[in-house]
Amino acid sequence: MSSPATQTARTNWTGVSYGIVLGFVAAYFQFKVPPVLPVMFDLYAYDTMIAGGFMSIFAVAGMLISVRIGRAIRRDGAQRYLMVAFALMLAGTALGLAFPDSGTVMLASRLIEGFGAAVLAVCMPAFANMCAGPRHLSIVIAAQATWIPVGQLVANLVAQPSVAVDFWQPVWWFGAAAALGVALWTWWIIRHGSVPGVAQVAVTASSDTKVGTDRASDDPLKPIEIRALWLAAVLFFLWQAQFMGYFTWLPVYLVDVRDFTADSAVQLNQIPVVVLLVFSLIGGIILKTGVGVIKLLTFALALQAFGWAMIPFADNALIGLSSLVVWGIAAGLTPTSLWALPSTLIGGHRAGTDAFAVVLSGRYLGILAGPLIAAGMFEVTGNWITVAYTFVAIAGATIVGTVCLGVRIRAIRAAETREGRAS
């Protein structure tokens, strides 16, 4: 599969749309648990740590296969891997529906779904970036950042009417229908060849676009760039841990501490999701105006720390509502900035699946850690407020890491300038 390095002047909107929809489906599968978790707790009495694992297990799947899958897709094309991914997602769904009363079996079903979703997550930025022309790249990056909130929002909308009557299964049924629908779209794309890299094992280079160029051999990543990408992965880990801790346990917090009903908790959960969806797109517009990624990311993380700090005072209705909005704004601007980091660090024409695989490694570690950090702090202290303060500290560490990455970027630019003068 050719990499995003193969961008042409024109945007292939079919490919962009297909890549982003793959992300939507992956995010739906990942986030279908939180809105129904209070109901599942009541019905099956899951252990808290096991229930936290329903989200974190997706990280295990991603860390196990993402880098290998990214390389294999680049080499062979995505067709066989995508079809296996859809089959895994359907199989995991069926297993969860068949044995929901066993926490261990449900955890296994989530792992199977996670393997499939990990393939889709690797393909999403690769296809979307590869098919985006230079004029539309920043907007496409912003659209990529909406994959999580769109998946969350759809999961919440599907769950809301069913959780009101203690019925969670429609959320699983909808996910199976979505996976089947995108599998049929993939089959159509394969037949028509409308998205490069889905079916082709090798792509022939042309004189003007250099499609199919192996960037790894023509323009390898420099050690200073690799180190910067790993630092970006650390930032993704620290932020993703906050994101996953917040959205995994927010419905449970609202039910247990604030005495909301399960369906009311789902409605409130939609507020930060809708806000962050809007601000993901606004973040892309801000970046397009020339504001630096590091500046935007630092501002967003400071705002997120403030949002965490408001939670202990959320018994006041105005402060509680404001915290949802503030947190949503920050959670919208941050992923847009994070997804832009590979292109910022090494150049949009060089950011291929290998670069994104490094960043995704940090993301998956955050998915694993976030819900478990929140669950562990609650188990130790018996207080959700302690969880909020823990994530205030993590947000502060992320800001420090962002400043360090800014220093790395300046070092990379200085090295490029010296090389240019030498040549």
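Which residues line the largest cavity? I took this up in a predicted model.

**Entry 1, largest cavity.** I found 3 cavities of 30 Å³ or more. The largest cavity holds about 60 Å³ of space. I listed its lining as Ala145, Trp147, Ile148, Pro149, Phe236, Trp239, Gln240, Phe243, Ala331, Pro335, Trp339 and Arg363. By class I read 10 nonpolar residues, 1 polar and 1 charged. I then looked up the helices behind this lining: H7, H10 and H13 (317–346) each supply at least two residues. H10 gives the most, with 4 residues.

I noted about 50 Å³ of space in the second largest cavity. Its lining consists of Ala26, Gln30, Phe58, Ala117, Ala118, Ala121, Trp147, Arg363 and Tyr364. H1 (13–31), H5 and H14 (353–381) each supply at least two lining residues here. H5 has the largest share, 3 residues. The classes come to 7 nonpolar, 1 polar and 1 charged.

I turned to H2, residues 37–44, and asked which of its residues are buried. They are Leu37, Pro38, Val39, Met40 and Phe41. I next checked what covers the buried residues of H2, and the cover includes H3 (48–76), H5 (103–130), H7 (147–163), H8 (169–192), H10 (223–256) and H11 (262–288). Just after H2, I noted a positive phi of about 50° at alanine 45.

Definitions and conventions:
Residues are numbered from 1 along each chain as its sequence is written. This is a predicted model: local features need pLDDT of at least 70, side-chain atom pairs count only at pLDDT 80 or more; totals for chains, interfaces and linings use all residues. Side-chain values use heavy atoms; hydrogens and water are left out. Buried means under 20% relative accessible area, exposed over 50%, partly exposed in between (1.4 Å probe, protein chains only). Contact means heavy atoms within 4.5 Å. On a 1 Å grid over the protein atoms alone, a cavity is a set of points where a 1.4 Å probe fits but cannot get out, and a pocket is an open set with protein on both sides within 12 Å along at least five of seven lines; lining residues have an atom within 4 Å of a point. Grid points are joined across faces, edges and corners, and a volume is the space filled by probe spheres set on the points. Ala, Val, Leu, Ile, Met, Phe, Trp, Tyr, Cys and Pro count as nonpolar, Asp, Glu, Lys and Arg as charged, and the others, Gly among them, as polar.
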